[in-house]
Structure formats: C-alpha cells, structure tokens
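The sequence and structure come first.

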Amino acid sequence: MSFQKFITNAVSEWMNGEGADADIAISSRVRLARNLREHPFPMLATDVQSEQIIQKVEQAMRDDAFNQLGAFEMIKMDDLSMLQKRVLVEKHLISPNLAAESRKGAAVLSENEDISIMINEEDHLRIQCLFSGLQLKKAWEAADKIDDIFEKHVDFAFDEQRGFLTSCPTNVGTGIRASIMMHLPALVLTQQINRILSAITQVGLVVRGLYGEGSEATGNLFQISNQVTLGQSEIEIIENLDSVARQIVEQERAARRHLMENRRLQLEDRICRSYGILTNARTIESKEASDKLSDVRLGIDLDVIKGIPVHIMNELMIMTQPGFLQQHAGQQLTSSSRDERRARLIRERLQSAME
C-alpha cells in the first residue's frame, strides 16, 4: 500500500452513502485524545522526544490485535508537501493542525480510510474512526478497541479525578470528541435552522462547519459534536449526541415533506436550475459549487433527479476542494484556473454518472 493512494483518490469508505439515515447524516466520527505519561506534550517536546512517540506507536502496531484490524500505512508529515497534506485534510484523514503546525507529526491510516491515528498533533495520539451514515456507536466501539490495544503498550497520562490529561483543558476527562456531519438544506430553506442550532447549544453540543473548529458551514453541511468531555462517560456522550442527531434527522425529513407538499414547484425549479448550472458551467467558485451540489443532493434524495448515486455527491464534495483540484492537476493553480477545473470536473463526473 502506498501513501499515494490516500493522496490521489478522492473516495473514502465514509463517503459510500451507506449506513442509517446517510441521506441526512453523511458521516459519524469519534476521536479520542491521548497522551503518554512522563512525556512532554507535543507543543513542548523536542524532535527526539517526538520521534520516541512515533516509535512507541510503531511498537503497538505490531500487536496481533492491531493487525487483525486490517492493513495500515504510517505517513510522516515531513515526507509530504503542503499540497499533499491539504488533500488529507480535505478528505478528513488528518486535522488542519497536524498539517500546519505539528513537529515530527505522523498519521497511521487504514486501507479503507475509516481509521486515522494522528501522532504528535495537539496531543500525542488522536485516534479517529469515521463511518458513513449515523453510526456513532460503531465508531465508538472501533475507537475504544484501538485505545485498548495502545493501553497494553503505553502508559497514558491519567488522573483519578480529572481523567485523561490533554493539551487543551476542554478535552480533559474522557478525551472524546464525537461528531456527526449533517446535510440540512430543508431546515435552512424553511428558516428553522437558527432555532434548532440554538437549542443544540443548550444541551452541551456545538455546531461547526465541514472542517470542524473555525470552519464555515457551507453547502448546508453542519458538523454537530459534543462540547463536554468531563463529568459524563463516553457512552453517555455518544448516546446524547446520537439522540439529538436522530431528532434533527426527523426535523429535516419533516421540513422536506413540507417543502414538497407546499412549495414543490419552487423547490424543483431551484434543484433543476442548480443541476443545469453544474452540468453546463465553464467556471464556478467553491462556495457556489457547494451550494449547487447541496441542491442537487437534495434533489437526488427527493427523487427529483434520477440516475445519480448519492455517493457521487460525497465524492464531489472532496474533489472540488482547492487542494484536491491542484493535486489532480499536478501543479499549483491560480484561483481562476481552479474555478475552471472545478466546473469541468463536476460536468464530467455528473455526465459519467448518468451514462
């Protein structure tokens, strides 16, 4: 297995459109933050100390239980260009922080890209499991299994009162961040989204954009995650987020039914216009592409547009990002060149899906 696979292919397992309620809950992710006892946190560690963390991870990866999880590849950030790292961020395989700021950072990636273990990011280990649809419990079980394997080989920084110790105080305790990426166009169109997002924050959850903290919610994609990591068990955190997500799914479905029953002509016109733009545009900016792809995704879900598998829309969500466009082109591109290439890629991908 070569790291080029992770760079050149847009498709990851979590984009397959399968799993419960995958038309609305696009993906479920669980991430565990862990640090090794008696080792400086990454921000204070020397290169030699950071290399020692990588060596301990490599040792744990030789465990038979780890090998039973499938094939993995370790990728060191020093071996990648900034563009290659950006592609991995766009595919949600590593964090922006690991790509931009880590010293001696690395990532262990599973062959189907549902597991990513970031090394020497903000914490020594960030164990991430990412699945299609509403599968939080499956993601938690996978992350917990990997956590148990590492615990056999390393001594985690843990306090009986505070729980797992992390670089950022907001992660102390369980060290868990669970999130669900949701496509909520009908709640946006019916102007219910602000009320719902406000209610979400009242139950210990936070809403971010496609790429987590600091990112803007574009294309009607919202990432909903837990804010509290201390005082609740991992199961309680997972069950709370899962329950809220299921309620949001039902509200989005109700909003879609309302639009189809009361504003069908206007909705279909919006969807078909967006489809027309995507299949004919010669240049398109990133935000416009995200918005139009959201309309078409909704059209596919409502059977207004037929013949296009929903996983194609998940692929285009990644393929139209600046990093992937430039990696695909094999060179740095100007903004206008990216817009032209983005439009051509969308046209060709949608056309091939209909053939």
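The buried residues of helix α11 are Ala289, Ser290, Leu293, Ser294, Asp295, Val296, Arg297, Leu298, Gly299 and Ile300, where buried means under 20% relative accessible area, exposed over 50% and partly exposed in between, with a 1.4 Å probe and protein chains only. The model is predicted, so local features need pLDDT of at least 70 and side-chain atom pairs count only at pLDDT 80 or more, while totals for chains, interfaces and linings use all residues. Residues are numbered from 1 along each chain as its sequence is written, and side-chain values use heavy atoms, leaving out hydrogens and water.

Helices are DSSP runs (H or I, at least four residues), numbered from the N terminus. Helix α11 spans residues 286-301, 16 residues in total, and extends 22 Å from its first C-alpha to its last, close to the expected 22 Å; the expected span is 1.5 Å times one less than the number of residues. Just after α11, Asp303 has a positive phi of about 65°.

The axes of α10 (residues 264-280) and α14 (residues 335-354) come within 7 Å and cross at roughly 110°. Helix α10 is therefore roughly perpendicular to α14 (65 to 115 degrees). Their contact (heavy atoms within 4.5 Å) joins these residues:

| Helix | Residues in the contact |
|---|---|
| α10 | Tyr275, Leu278, Thr279, Asn280 |
| α14 | Ile346, Arg347, Leu350, Met354 |

The residues of this contact divide into 5 nonpolar, 2 polar and 1 charged.

The structure holds 0 disulfides, a disulfide being a pair of cysteine sulfur atoms within 2.5 Å. Cys129 is buried because its relative accessibility is 0%, and Cys168, at 24%, is partly exposed.

Terms used
Helix = DSSP H or I, 4+ residues; strand = E, 2+ residues; numbered from the N terminus. Axes fitted to C-alpha atoms, helices over the stretch in contact; angles between N-to-C directions. Parallel < 35°, antiparallel > 145°, perpendicular 65-115°, else oblique. Nonpolar A, V, L, I, M, F, W, Y, C, P; charged D, E, K, R; others polar.
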